[in-house]
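Here's a quick briefing to read alongside the model. Have the sequence and the 3D view open while you go through it.

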Amino acid sequence: MFRSLSLGGKIFIQAVLIFLGILYLVPLLNVVYRSFLGAGASNYVYLFTSGFPILRMIFNSFLVSILQVLVILAVASPSAFAFSKMNFPGRDAIYLAILLTMSISMLCFITPLFQTLKALGWMNTYLAMVLPAATFWTPVAILILKNYFDSLGREMLEATQMEGGGFFTAWWKVYLPVSRPATVNVIVFAFIASWNDYLNPLLFSRTDDMKTLPMAVVALSNSIYGARPEVVAACLVIMALPSVGVYLLLQDFLGEGMTAGSVKG
Amino acid sequence: MTTTVRRGAFRQLRTKEILWGYAFLLPILVLLGLFVVYGLFFVVKISFYKWDGVDPETMVFRGLRNYQLLLTDPTFLMSILNAFVFLVVTVAVQMLVGLLVALLLRPKLWGHRFFKALFYIPVALSTTVIATTFSAFYEPNFGVLNSLFRSPVGQFLGLTGWAHSWLGDPSTALGSIIFANIFQWMGAQMVFYIAGLTTISDDVFEAAQIDGAGFWATLRRVVWPSLWPTHTTVIILGMVGAIKTFDIVWLLTQGGPGNATQFPATMLYQSVAQNFQAGYGASVSVVMIVLCVVLSAIQIAFNQKKREA
């Protein structure tokens, strides 16, 4: 079917690929094209100078995404290590329970989340934007990291213990550095998921100065500043650059995370 | 003497291991406890109450009434039906197109790396970008789709009559959303199938060819059956996706026109955030949570079996 592909077969495959490629390329390029319609690059200048708090929203997006990634890694890596390499009562039951929560949408807990965040006084703060969403993404990260730790064996832990090191040293000095490929996957997919997330700012940000970019686009379309579709398109392009850029730059390092990352959607 | 010392040292190490094990789990258990476990009890509890979600004093116990109402609520029944249609169409198309694209990329012809990256880009894009793009595409007056149908080519093909408000017409709104959703996520299925296809060696294809099996026969008898692990993943993820689909629908139609694109998640959001029916919304949450947990359990059991096999 493949090695002995005839010339006709090759041309057919190439033609179908190019057709599908155009189908995908046109809408994507169209957004870029529309962002320059009319006033050209001035659309971008307008976006930054019209008084709409776009810089603050870009800052919010970076801050929230980076903090979420840090929380996810800090929480997921040690627990994945414990699930993979250590023995203690209840380990497998807890792991199973965590996996079962993996596909539940944060939206299902909207009322209790509001109650909890209100009680803590966190509503419309960065804590509210970071912690719940990070919690709901962490099970996927634990799954990716535990699978990787499983492939590493227990010898490095025993070697560390021979030298008088404890479990924390084994995780921090040995297993965490060695698990870099899986960790990179978690960083990239958690960042993309967080950067793109619409539900999180919809639920937890109340004022424009706390919104992240996915809400910026909506706020912009409805505001006095950006009723013009070219300006909205410019905002879309700015929003797309980091997530697509990270993916394109690191795509060669992304293995199973690409499939696991899609789990969370 | 030495054995007791050693046994003591061993017991000390065991205790240390157990304590450190729980210490490593402490952060995730605190977070899950605060946001998920507490949330679960809370949601189950208020699903038995009538409550606006604001003032705890106004909670009124009403037993299973919310669930009874749910079973006769046209909005909820419509949301389940829509999710089901969405699921069947999305999964069927994604399986076929995802597998087709993965197969087309396998011979590594000209530009295969470019095409693979291109098809995956929408997965890395925010749904906000996808929704805004398709909103412009479907726009009734100047949108790309209607412009095409009204163009001379469209007139020549007799398609001008097709031009209408795609998202405003109840008969095409759901289909339009499904199309946008497939466009966004096809790259993910492609990646699943590329991974699945690596388990089939070129020799299998060669052998099939020597046997005289043609392209389609090879696909049907060899490739398709051996990809069942991948099919299962795609189907289960499609089910989970259909149950929790929210952002693309909310951004494009907010569940309308009428209930034409209502989904469980949009109905839940409307009940709680717009209609102040936190108790009623919680009963929708409970249904969604049960479905998601059951599907996850099936997926986990399946992966377990695969690993043992």
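Which residue just after H5(A) takes a positive phi? That's Gly121(A), at about 70°. Keep in mind that this is a predicted model, where local features need pLDDT of at least 70, side-chain atom pairs count only at pLDDT 80 or more, and totals for chains, interfaces and linings use all residues. As for labels, residues are numbered from 1 along each chain as its sequence is written, while chains are lettered from A and ligands numbered from 1 in the order in which they are written.

**Confidence**

- The predictor gives the complex an ipTM of 0.88, along with a pTM of 0.89.
- Chain B has a mean pLDDT of 87, pLDDT being the predictor's confidence in each residue, from 0 to 100.
- In chain B, 95% of the residues reach 70 or more.

**Chain A overall**

- Chain A comes to 13 helices and zero strands; helices (H or I, at least four residues) and strands (E, at least two) are DSSP runs, numbered from the N terminus.
- Its C-alpha atoms fill a box of roughly 70 × 70 × 35 Å, taken along the principal axes.
- Of the 265 residues in chain A, 49% are buried. A residue is buried if 20 or more other C-beta atoms lie within 10 Å of its own, exposed if 12 or fewer, and partly exposed in between, with C-beta atoms placed from the backbone.
- Among chain A contacts between residues at least 6 apart in sequence, 80% join residues at least 24 apart. Two residues are in contact if their C-beta atoms, placed from the backbone, lie within 7 Å.

**Helix packing in chain A**

- Helix H2 (residues 42-49) and helix H12 (residues 229-250) of chain A pack at an angle of about 85°, with their axes 9 Å apart. Axes here are lines fitted to C-alpha atoms, for helices over the stretch in contact, and angles run from 0 to 180 degrees between N-to-C directions.
- That makes H2(A) and H12(A) roughly perpendicular to each other. Angles of 65 to 115 degrees count as roughly perpendicular, under 35 as roughly parallel, over 145 as roughly antiparallel and the rest as oblique.
- H2(A) brings Asn43(A), Tyr44(A), Tyr46(A) and Leu47(A) to the contact, and H12(A) answers with Glu230(A), Val231(A), Ala234(A) and Cys235(A).
- By class, that contact has six nonpolar, one polar and one charged residues. Ala, Val, Leu, Ile, Met, Phe, Trp, Tyr, Cys and Pro count as nonpolar, Asp, Glu, Lys and Arg as charged, and the others, Gly among them, as polar.

**Around H5 and H6 of chain A**

- The buried residues of H5(A) are Ile110(A), Thr111(A), Pro112(A), Leu113(A), Thr116(A) and Leu117(A).
- Asn124(A) sits in the loop between helix H5 (110-120) and helix H6 (126-150) of chain A, with phi near 60°, a positive value in a residue other than glycine.
- Asn124(A) is partly exposed because 16 other C-beta atoms lie within 10 Å.
- Lys146(A), in helix H6 of chain A, counts as buried because it has 23 C-beta neighbours inside 10 Å.
- Leaving aside neighbours within four places in sequence, Lys146(A) is in contact with Ala80(A), Phe83(A) and Ser84(A).

**Chain B spots to check**

- Chain B is divided into domain 1 (2-46) and domain 2 (61-308), with bounds from an automatic or database domain assignment. The C-alpha centres of the two domains lie 39 Å apart.
- The peptide bond from Gly256(B) to Pro257(B) is cis, with omega near -5°.
- Phe276(B) lies in the loop between H13 and H14 of chain B, and its phi is near 50°, a positive value in a residue other than glycine.

**Where A meets B**

- The contact takes 74 residues from chain B and 70 residues from chain A.
- Helix H1 (residues 2-46) of chain B gives the most to the chain B side, with 19 residues.
- By class, the side of chain B that touches chain A has 54 nonpolar, 14 polar and six charged residues.
- Cys292(B), in helix H14 (residues 278-308) of chain B, is buried, with 21 other C-beta atoms within 10 Å.
- Not counting residues up to four places away in sequence, Cys292(B) touches Ser103(A), Ile104(A), Val240(B), Ile243(B) and Lys244(B).
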